[in-house]
Amino acid sequence: MVIRLDKYLADSGYGTRSEVRSFLRIGRVSVNGVAEKNGARKVDPEQDRVMVDQEIVSHVSFEYYMLHKPSGIISASKDKTEKTVVDLIKSKKRRDLFPVGRLDRDTEGLLIITNDGDMAHKLLSPKKHVEKTYAAIVSGVFPENAVEEFEHGIDIGDDKLTKPAKFSFSVSTWDIYLKEMYDSLSEEREDLTVCEVRITEGRFHEIKRMFEALGLKVEYLKRYSMGSIKLDAKLSPGEYRELTEEEIELLASSI
Ligand code: URA
């Protein structure tokens, strides 16, 4: 597939199309060894050799990042006043990145950021049943049948019950951040429980509303996995890394 030279350069992180056009004009770009000033020139990413200042520029079609979302940041691509999860991806090349689904402002944990709309759509499709694992610190007194309630589906005020979810009083992943949060919240109150929930849907505030319907309150929520992708324990809140080729393939093959 051929694309315009200015788009090729913009996709590869060389600025906006107008920024790209200005350095095309001053002769910094060549195609197959010949200087090229015309941004509308069509190039084939598979065949043509594009260079800026004698450096080869590979075309970037898709980017995939794993972010350890910190609390306090909104899950959006752009915002007029607030910093977004996409703003945290400092090394991005593409300008069309977006988060795959949303975590609430105060929810932490795994967020995939990409510009691959097709993959995002599949990951979020209710039909694909992609499982998401959350650890929650919850206050209140649990009903005896909590496990069954989650398994059965809970009335959270929508027209349908939630899809069956797996609930457990033990968490499969503990990290220092969850521990620190638990220690700090426990200084204030004694009725806290750390538990794990696995859901396959992504309704608005779904986990918080499930607990609320059982008379409980989520004090802290963190996502540890989405399908085959697990939050990298080496990432601190606010840090990110690119998904590995293996993770991208695993994701693509599991949905
Ligand atoms: N469920 C919630 O209530 N909040 C989130 O951020 C994610 C799932």
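Reader: Among contacts between residues at least 6 apart in sequence, what share joins residues at least 24 apart?
Author: This is a predicted model, and the values here are computed from it. The count takes contacts in the protein chain between residues at least 6 apart in sequence. Of these, the share that joins residues at least 24 apart is 68%.

Reader: How many helices and how many strands does the protein chain have?
Author: The C-alpha atoms of the chain fill a box of roughly 75 × 40 × 30 Å along the principal axes. Buried residues make up 47% of its 255 residues. As for the elements, the protein chain has 7 helices and 15 strands.

Reader: Why do the buried residues of α2 lie on the same side of the helix?
Author: Helix α2 covers residues 17-25, and Val20, Phe23 and Leu24 are buried in it. An α-helix has 3.6 residues a turn, so residues three or four places apart point the same way.

Reader: Which residue has a side-chain N or O atom 2.7 Å from a nitrogen atom of the ligand?
Author: The residues around the ligand include Leu103, Asp104, Thr107, Tyr134 and His205. Also in this group are Glu206, Ile207, Lys208 and Leu221. The side chain with an N or O atom 2.7 Å from a ligand nitrogen is that of Asp104.

Reader: What kind of aromatic pair do Phe142 and Phe169 form?
Author: The whole structure holds 11 aromatic pairs. The ring centres of Phe142 and Phe169 are 5.0 Å apart. Their planes stand at 70°, and an angle over 60 degrees has its own name, so the pair is edge-to-face.

Reader: How many residues apart are Phe142 and Phe169?
Author: Phe142 sits in the loop between β10 (132-139) and α4 (146-152). Phe169 is in the loop between β11 (166-168) and α5 (176-186). The pair links distant parts of the chain, 27 residues apart.

Reader: Is Phe169 buried or partly exposed?
Author: Phe142 has a relative accessible area of 16%, under the 20% limit, so Phe142 is buried. For Phe169 the value is 49%, which lies between 20% and 50%, so Phe169 is partly exposed.

Reader: How far apart in sequence are the parts tied together by Phe167 and Phe211?
Author: Phe167 and Phe211 form an edge-to-face pair, 6.2 Å centre to centre with 65° between the planes. Phe167 counts as buried at 7% relative accessibility, and Phe211 is buried at 0%. Phe167 lies in strand β11 and Phe211 in helix α6 (residues 206-213), so the parts tied together are 44 residues apart.

Reader: Which residues form one aromatic cluster?
Author: Both pairs described above belong to it. The cluster consists of Phe142, Phe150, Phe167, Phe169 and Phe211.

Note on methods
Residues are numbered from 1 along each chain as its sequence is written. This is a predicted model: local features need pLDDT of at least 70, side-chain atom pairs count only at pLDDT 80 or more; totals for chains, interfaces and linings use all residues. Side-chain values use heavy atoms; hydrogens and water are left out. Buried means under 20% relative accessible area, exposed over 50%, partly exposed in between (1.4 Å probe, protein chains only). Helices (H or I, at least four residues) and strands (E, at least two) are DSSP runs, numbered from the N terminus. A residue is near a molecule or strand if one of its heavy atoms lies within 4 Å of it. A polar contact is a pair of N or O atoms within 3.5 Å; within protein, one must be able to donate a hydrogen and the other to accept it, and residues adjacent in sequence count only if both atoms are side-chain atoms. Contact means heavy atoms within 4.5 Å. Rings of Phe, Tyr and Trp (its six-membered ring) pair if their centres lie within 6.5 Å; planes under 30 degrees apart count as stacked, over 60 as edge-to-face and the rest as tilted.
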